[in-house]
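Colleague: I would like to learn how to read a model of this kind step by step, beginning with the overall picture and going on to single residues. Could we go through it together?

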Amino acid sequence: MLRRILTSRPKSTHYWLFSTQISPMSSRLPPVPKENERIPTAAEVSATGGVWSPTSAKKDKIVELRGAIRGVQKTLDDAATKYEALDLFLADGIIEVVKTAECNENLIEKKVLQNFIKWLSSLKKVDRSEHITQAQYVSFLAEAISKIDTILSNFPQEQYLKLVGDFMAAPTNRNNFGIFQEEAEEDESMKAFQGCMFQYRLHLIRAAAEHMKEHWDKLITITDGDMDRAAVKRESLEQTNISLPLNDVISVLLEYASGDSSTQVDAMWNLIDRDKDGLLDESEMTQVADFVTISTGKGLSRFFEEVLRARPAWKLLKHKEKREENFPKSFWGNWTRRKETVATKRLKKQFTRAVMLHFEYELEMRHRLRCIYAWANKAHQKNRIDSVHIDTGFGGRKRYVELVPKISLLEFREVQQEHFAHLDRVSEEIIRSFREDLWVYQGSGRES
């Protein structure tokens, strides 16, 4: 199998840590720290136990499979058959595409994205207070989706995507920033690699625009905490509940066009921060993480489907074995076509499972976010709950309300980067989970 080695990489160091799994059986939340209390490290939490657990059923199975091949093969990749290796190569290629696309600023200089980014930037207003109604919001996102569809329809997809499984990282010199030099662009592999990155970016932008378009109601909803705080000050928030700031909406799409998962979280944080004080309630913080993981998962799924459409899952190897460029269609009999259909359907199912389950269940994202909120040293309300009485408007009666403190982006990042760094590499996390699923599937086949 000929694989195309990417001998140069952008200046960015990527560390892979096996996902720190939270024990699903543990419902105990960590205690709320006092003001300016030191945040526990990941090592301290693992050593203490009760919250984080470094294992899961899938990882236990992988350890078991590695033990079964010990002394025969070095790795699970070595134990794969030549057909199973194609699936692993496919995952490796996509990992290289998304890692490079999200850390390479040169990507936005290419014409395929340049015009779209210029169009978005031209819509930004000097007056940042300008808001748009629901009709304007939907119309703007529909136009953005239409422009992306036009670019995708004119893009030579199959020419580049069929080579995704051939990309692999160079064993040395990973940080040499030479991948987009002129001499490298002349090489077919580098052109294909660039084309795959463009395609990934386009699907990512489209998925983000679609997801935002479908969730207008969630974005304009004011939390109960903000309503109660406004009631204490005898203010009304109803007038601001029918529009969104145009610049903030555009900024989200721009980050999906040229940023990475970390900057996308920042942009969504700013959009959901309705009162522009830089602080969010716990429910709004969870909404930010949901948006980034779900929209990225949708875009990645579409990209994966396009890759499978351009690169057959099974008969590609069969074609290479025969070493004939124009292979007769009669060769692909019903049995061969059936093998291709089954392999494609299996890969789609496994990838969909990774998108749906990895963050929500394997990483226990919601539990991690609850811990992040609980451990953060929140300056708002001095990290304490305020107890207030609010007029109900009925005969002078009052109701008792507890106002929990809000969290800033910097306070969120301080804990998130220690205990939930997976949120800064959403696409890579999903694909690596998919690759682990392939190991389990292939290992189970060897056992049966």
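Colleague: What does the secondary structure of the protein chain come to?

Modeller: In this predicted model, the protein chain holds 19 helices and ten strands. Of its 448 residues, 51% count as buried, and the chain exposes about 22,500 Å², of which carbon and sulfur atoms supply 51%. Among contacts between residues at least 6 apart in sequence, 83% join residues at least 24 apart.

Colleague: Which residues of the largest nonpolar core touch the most other members?

Modeller: In soluble globular proteins, nonpolar side chains tend to be buried together. Here the largest nonpolar core has 102 residues, and those that touch the most other members are Tyr137, Met212, Leu253, Met268 and Phe412. Helix α9, residues 188-214, gives the most to this core, with twelve residues. Leaving aside neighbours within four places in sequence, methionine 212 is in contact with Tyr137, Leu141, Leu219, Val249, Val252, Leu253, Leu271 and Phe291.

Colleague: Why can helix α12 be called largely enclosed by the rest of the structure?

Modeller: A residue is taken as buried when its relative accessible area is under 20%. Eleven of the 13 residues of α12 are buried, and therefore this helix is largely enclosed by the rest of the structure; the buried residues include Val249, Val252 and Leu253, which are also among the contacts of methionine 212.

Colleague: How far apart are the end C-alpha atoms of α12, and what span should its residues give?

Modeller: At 1.5 Å a residue, the 13 residues of α12, numbered 246-258, should span 18 Å, and the end C-alpha atoms are 19 Å apart, which agrees with that expectation.

Colleague: Where does lysine 382 lie, and what is its phi?

Modeller: Most residues other than glycine have a negative phi. Lysine 382, although not a glycine, has a positive phi of about 55°, and it lies in the loop between α17 (365-375) and β8 (386-391). Asparagine 383, also not a glycine, has a positive phi of about 60° and has its place in the loop between α17 and β8.

Colleague: Is asparagine 383 buried or exposed?

Modeller: Asparagine 383 has a relative accessible area of 9%, so it counts as buried. Arginine 66, found in helix α2 (residues 57-68), has a relative accessible area of 34% and is therefore partly exposed.

Colleague: How many residues apart in sequence are arginine 66 and leucine 76, and what is their distance in space?

Modeller: Arginine 66 and leucine 76 are ten residues apart in sequence, and their C-alpha atoms are 6.5 Å apart in space.

Conventions: Residues are numbered from 1 along each chain as its sequence is written. This is a predicted model: local features need pLDDT of at least 70, side-chain atom pairs count only at pLDDT 80 or more; totals for chains, interfaces and linings use all residues. Side-chain values use heavy atoms; hydrogens and water are left out. Helices (H or I, at least four residues) and strands (E, at least two) are DSSP runs, numbered from the N terminus. The expected span of a helix is 1.5 Å times one less than its number of residues. Buried means under 20% relative accessible area, exposed over 50%, partly exposed in between (1.4 Å probe, protein chains only). Contact means heavy atoms within 4.5 Å. Accessible areas come from the Shrake-Rupley method with a 1.4 Å probe; for residues, only the protein chains shown count as cover. A nonpolar core is a set of buried Ala, Val, Leu, Ile, Met, Phe, Trp, Tyr and Cys residues joined through side-chain atoms within 4.5 Å.
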